[in-house]
Amino acid sequence: MIIVKNLKRHYGTGKTTVKALQGVSFEIKKGEFVAIMGASGSGKTTLLRILALLDNATNGEYTIQGLEVANLPEEERCYYRLTQVGYIFQDYALINEMSSAENVYVLSMMEGKSKKEAYETALEALDKVGLKDKHARIPDELSGGEKQRVAIARAIAKKPDILFADEPCANLDTANSKQVLDVFKELNEKFGQTIVMITHELWHTKYVDRVITLEDGKLVSDERKRKL
Amino acid sequence: MIHDIRVGALIAYSSIKRGNKKTLAFIVFVLSLIFVNLVFLPSMIGGMTGLFTGMMQDYPYGDIVIEPTGDNTYINNADNVLKKVRAVNGVRAVTKRLIAGASIEHKQKVVGVTVTGLLPTEEHEISKYPYIISEGDFLGELSRDEIIIGAMIAGTGFGSEIYDNLGEVRAGSLVDVTYSNGVKKTYKVKGIMTGTLELVDLNALVHYKEIEDVYGLEGSKATSIVARIDKQGTEDEMKDKIRDVGVKEPVFTWADKSESLIKQAMQSLGAIDYMSKFVSLIIGAALILIIIYINILNRKKEIGILKAVGITPRSIVLSYAFLSMFYVSFGILAGLVLYFSLMFYFQANPVVFYETMEIIPAIDNLLLIQNTLTMLILSVIAGILPAWSVSKESILEAIWGR
């Protein structure tokens, strides 16, 4: 599903060059729930952003579902982000002036669904994360855990092939983190959703199938936790 | 594209519905002031133009004026022309006038003037001359050896300090008038007229017969035939009708004549009007751009997020165009309320110019439509430009500033 070969990302030039990724290679199969771990500055977020087409690699190849996405023009990258991947931000990244439902269904409308269809899709997604009854609330009226679940609903409503999550529990307490991870687990187990998640917390790894560890921009371990 | 429009509209709608209402009110208020700035001064200038052109109708030209052909000094057989013009349907009143150059002397003070010979009774229907007598009386049908003098040359009216004057001539004073043909006559001042317009107050009026006698004119001659019509705005149509009844002399509307006479004044006002509009437009455009740009900069992260989740830059740009159009539309509405409030105030309390000239601002619908459209177009540009610029930034730059 995802094939990454010798991926490099350098920021800046000359002496000030920061080598965020120094030739990372791995493959992720469909339906895997993968955790990416590593210390701060190890290149996890850079890797995830490149895979989610939010950033570009300096060098290397990466294909998603057999499609070489590195050099896609921006319009196609945008379409790819809309239809193929879901991205969950550490800080939820919800639009504050939109209700929970609007935050979700704006993407369905972008895909071309009618307002009614888009709204139903949003309610379905919010129901999956247990927030159907709070569809009319704006982000400021939700707790941190609820905001993150709305962000998950937004990411899964379009039924993406892959879900990328950048430390989705970083701002949540243990109870809320558990709720979020339970949603991921259910999506993965019930719907076969491929999930790539960055985390710092070791206890989160009990939810995943595989843990990739980065250090100074290099892949240092790739551990499968259970057979799929 | 239709999806982009729908999504753009949804983003804009949410932003308006749940955005900060105080900020919205402030933006609308500033935009309303920009709109008023665009339309207020032109309205005042329009009022001033209306005042001047109205004076052209009220004194020298009426609605329609007929003048001698070619280099002729006089219209020959003016009574015949009057008869033809009177027969035209839509002509309310018509009269003939004789104009002559002269100098007036009083206690060794001499002032050059234009003396208009007119038929006093007919002038009541034609001009405002009979109604602007500030001292004494207007001429009568039997007025001979009597003269009406403008306040500025009499030395009693506003503007006397600027122009040469006879020094406190009053009704009842005697003045000597020397016409351009050398004939000198002594007149008793029957009245002083105050029109607060140089064209009136620097001149003198006598009975038509006086000029006729002084110049020895026979066969009913006139230097102009002045007509008033029933319906304002139909001057061109009436001009054609007058030609159609066989009047061979050149026929002009007051606008034709005013154009040449006060063209310079109007051009000056027009230049001021044009410059004020241009400057207001630049200021307006800059302010709209600044307001919308700051608004967009505050939402840079939001734009990055929208892009990151797959919303097209086109939708984002459209959403800001809609948002900007909404702000400006409300700004225009508020501006119209403010503008009409000001107009009603100034119509009730006109700006006094030259002490007696009251300038009532003119409400020009075309001007309002032009400026409304201009502001709407500006709003679209002001919304699109910064949003387009931000939407072109990388997602990382927009969300995380790097």
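Two residues are in contact if their C-beta atoms, placed from the backbone, lie within 7 Å. On that basis, 18 residues of chain B are in contact with 18 residues of chain A. The model is predicted, so local features need pLDDT of at least 70 and side-chain atom pairs count only at pLDDT 80 or more, while totals for chains, interfaces and linings use all residues. Residues are numbered from 1 along each chain as its sequence is written, and chains are lettered from A and ligands numbered from 1 in the order in which they are written.

**Interface side of chain B**

Helices (H or I, at least four residues) and strands (E, at least two) are DSSP runs, numbered from the N terminus. On the side of chain B that touches chain A, the elements giving two or more residues are α1 (2-18), α11 (300-308) and α14 (395-400) of chain B. α1(B) gives the most, with seven residues. By class, this side has eight nonpolar, seven polar and three charged residues. Here Ala, Val, Leu, Ile, Met, Phe, Trp, Tyr, Cys and Pro count as nonpolar, Asp, Glu, Lys and Arg as charged, and the others, Gly among them, as polar.

**Chain B overall**

Chain B has 14 helices and twelve strands. Its radius of gyration is 31 Å, whereas a compact globule of 402 residues would have one near 21 Å. That radius is taken over C-alpha atoms, and the globule rule is 2.2 Å times the number of residues to the power 0.38. Along the principal axes, the C-alpha atoms of chain B fill a box of roughly 95 × 50 × 30 Å. Buried residues make up 44% of the 402 residues in chain B. A residue is buried if 20 or more other C-beta atoms lie within 10 Å of its own, exposed if 12 or fewer, and partly exposed in between. Among contacts in chain B between residues at least 6 apart in sequence, 79% join residues at least 24 apart.

**Strand pairing**

Two strands pair if DSSP finds at least two bridges between them. Strand β9 (residues 224-229) of chain B is mostly covered, with five of its six residues buried. B:Val226 in β9(B) is the bridge partner of B:Val65, and also of B:Thr95. Chain A has an open sheet of four strands in the order β2-β1-β4-β5, with antiparallel pairing. β2 (18-28) and β5 (67-68) of chain A stand at the edges with a single partner strand each, so one side of each lacks a neighbour in the sheet. A:Lys8 has A:Asn59 of β4(A) as its bridge partner.

| Strand pair | Sense | Bridges |
|---|---|---|
| β1(A), residues 2-11, and β4(A), residues 59-64 | antiparallel | five bridges |
| β1(B), residues 64-66, and β9(B) | antiparallel | three bridges |
| β2(B), residues 91-106, and β9(B) | antiparallel | six bridges |

**A helix pair in chain B**

Helix α12 (residues 313-348) and helix α13 (residues 365-391) of chain B pack at about 145°, with axes 8 Å apart. Axes are lines fitted to C-alpha atoms, for helices over the stretch in contact, and angles run from 0 to 180 degrees between N-to-C directions. The contact includes B:Tyr320 and B:Val328 of α12(B), and B:Leu376 and B:Trp388 of α13(B). It has 17 nonpolar, five polar and no charged residues.

**B:Gly191**

B:Gly191 is found in strand β7 (residues 184-193) of chain B. It counts as buried because it has 24 C-beta neighbours inside 10 Å. Leaving out residues up to four places away in sequence, B:Gly191 touches residues including B:Ile133, B:Phe138 and B:Ala171.
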